[in-house]
Amino acid sequence: MTGIPRSSARCAAPRRRLRRGVLLPAALMLVTSCSTGSDSGKAGADGAGDPLFPRLGNGGYDVQHYGLTLDYEPEGNRLHATAVITARATQDLDAFNLDLKGMKVRDARVDGKPAGTARKGTELTVTPGTTLDKGREFQTVVVYEGVPKEITDADGESLEGWVETDSGAAALGEPTGSMAWFPGNHHPSDKAAYDIEVTVPKGYTAVANGELKRKEVRGDRATFSWHNPEPMASYLASVVVNEFEVTTTKAGDLPVYIATHPEEPAAGPRMAKLLPRAIDWASGLFGPYPFSSAGAVVDHNEYVDYALETQTKPYFDEAPTDAIVVHEVAHQWFGNSVTPRTWRDMWLSESFAQYAEWMWEEKEGGRPVQRIFDDFYSGKDPESSGIWAFPPGDPTPETISDPPVYRRGAMLLHELRRGVGDGVFFAIVRKWVADHRHGNGDTAEFVALCEERAGRSLKPLFDKWLWGEGRP
């Protein structure tokens with residue numbers, strides 16, 4: 001770890017270093033063939049072809065909705081679950097793959113009929129009884145159980161996946177951890193709506209994305225039903241279980257749900273004031289808040305050392321600073337609503353969240369953004385370490401969460417702002433968010449929009465700041 005001071009979120013600056021962690025087994029980083037073992041030649045690819053993680057995700061279908069029913073027992077860390085996946089075939093399919101790490105599959109059905117299954121590594125191949133024709137909507141039900149596991153970063157330190165804590169669990173998914181607790185198409189390009197129902201022992205609270213639609217207590221078990229209607233990439237899906245204290249409030253008309261660990265007692269009231277302020281401020285800069293609910297989870301988790309932009313309710317491993325909160329709030333626009341099309345486009349998510357921190361600092365009476373830029377360029381800011389290590393537009397699987405993607409990316413945005421002026425810059429930002437709302441965006445599309453609005457080529461700027469080696 002690099003020892004960067006923690007003034008931002010994991011997606012900005014954890015205690016030890018910026019990395020969110022590339023938590024794939026080494027085999028998943030290799031380019032392999034897309035065979036699923038079907039003899040018919042109508043099998044969906046076993047990878048989405050991501051330039052950094054080609055085996056993540058799958059081909060041949062587009063998921064529309066996940067219905068996840070989880071029954072969790074913290075004592076023993078046991079999970080019994082059913083995933084109902086509604087998808088549309090994008091080709092004729094005799095078989096298709098789902099990403100799932102660990103867990104035991106008890107049953108699988110496609111449109112109510114028994115389906116064959118096979119496991120190889122993190123690939124679950126499902127073979128329906130008949131071919132699924134291109135364009136057909138179909139429903140896959142997978143019943144599974146076991147002890148869900150965390151996934152360890154390639155550096156051997158950071159954790160994601162299903163992270164068991166001293167008094168509960170936190171399911172954290174970026175970039176690969178969601179496969180540890182539910183089967184799916186785990187690539188950011190395939191977004192879907194979610195309904196997540198979690199049953200836990202009475203006294204525990206289970207928090208997931210979206211709005212709480214129902215809480216029901218029967219005997220010694222409590223069920224929490226969460227509805228997230230807007231499209232969401234699977235890495236942003238989350239379930240957190242603990243003996244939380246809950247605070248509810250509003251940000252304008254938005255319902256705000258805040259869950260705080262008992263060992264972070266001041267976090268609930270503080271977040272109830274800060275979140276509406278941050279959402280209102282960000283809405284003024286970026287456009288309307290993109291989701292129908294908001295909130296946060298403030299845990300007391302000794303096993304992870306980062307915050308994460310889980311959709312509608314950012315996850316904080318401990319009581320966060322204002323800068324971290326602003327960073328994760330900005331991600332609701334950049335990363336969550338407008339999701340990187342591939343993991344190589346991650347700078348589009350992290351640079352905007354980092355730049356939001358800088359603008360907030362100026363707003364709150366701290367350093368002007370230009371001063372922050374100058375401090376990073378000169379190396380005066382202690383968080384400038386490592387920002388020139390590689391171009392932010394060209395990370396590797398091991399470096400997608402390293403300083404250049406965040407901080408040099410934010411410097412690029414400031415150079416763009418200086419070059420085109422405030423009016424054009426914020427018009428670009430708001431149009432980017434509006435045009436790609438609840439979808440995906442990539443670097444080429446962003447550059448094209450910038451040049452269109454600027455009325456000229458911006459190739460020298462992007463060549464220097466996004467693709468150039470070393471300090472410009």
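The expected span of a helix is 1.5 Å times one less than its number of residues, where helices (H or I, at least four residues) and strands (E, at least two) are DSSP runs numbered from the N terminus. This is a predicted model, in which local features need pLDDT of at least 70 and side-chain atom pairs count only at pLDDT 80 or more, while totals for chains, interfaces and linings use all residues. Residues are numbered from 1 along each chain as its sequence is written, and side-chain values use heavy atoms, with hydrogens and water left out.

**Helix α3**
- With 17 residues (347-363), α3 reaches 24 Å from its first C-alpha to its last, which is close to the 24 Å expected at 1.5 Å a residue.
- In α3, 14 of the 17 residues are buried, meaning under 20% relative accessible area with a 1.4 Å probe and protein chains only.
- Glycine 365, whose phi is positive and near 90 degrees, follows α3.

**Helix α2**
- Helix α2 (residues 322-331) is mostly covered, since eight of its 10 residues are buried, among them Ile324, His327 and Glu328.
- These buried residues of α2 pack against α1 (267-286), β20 (307-308), β21 (315-316), α3 and α5 (403-420), where contact means heavy atoms within 4.5 Å.

**The five-stranded sheet**
- Five strands, in the order β9-β10-β11-β16-β13, form an open sheet with antiparallel pairing, two strands being paired if DSSP finds at least two bridges between them.
- The edge strands, β9 (150-152) and β13 (205-208), each pair on one side only.
- Four bridges join β13 to the antiparallel strand β16 (residues 239-242), and alanine 206 stands opposite valine 241 in β16.

Definitions and conventions
Buried < 20%, exposed > 50% of the residue type's maximum accessible area, 1.4 Å probe, protein only.
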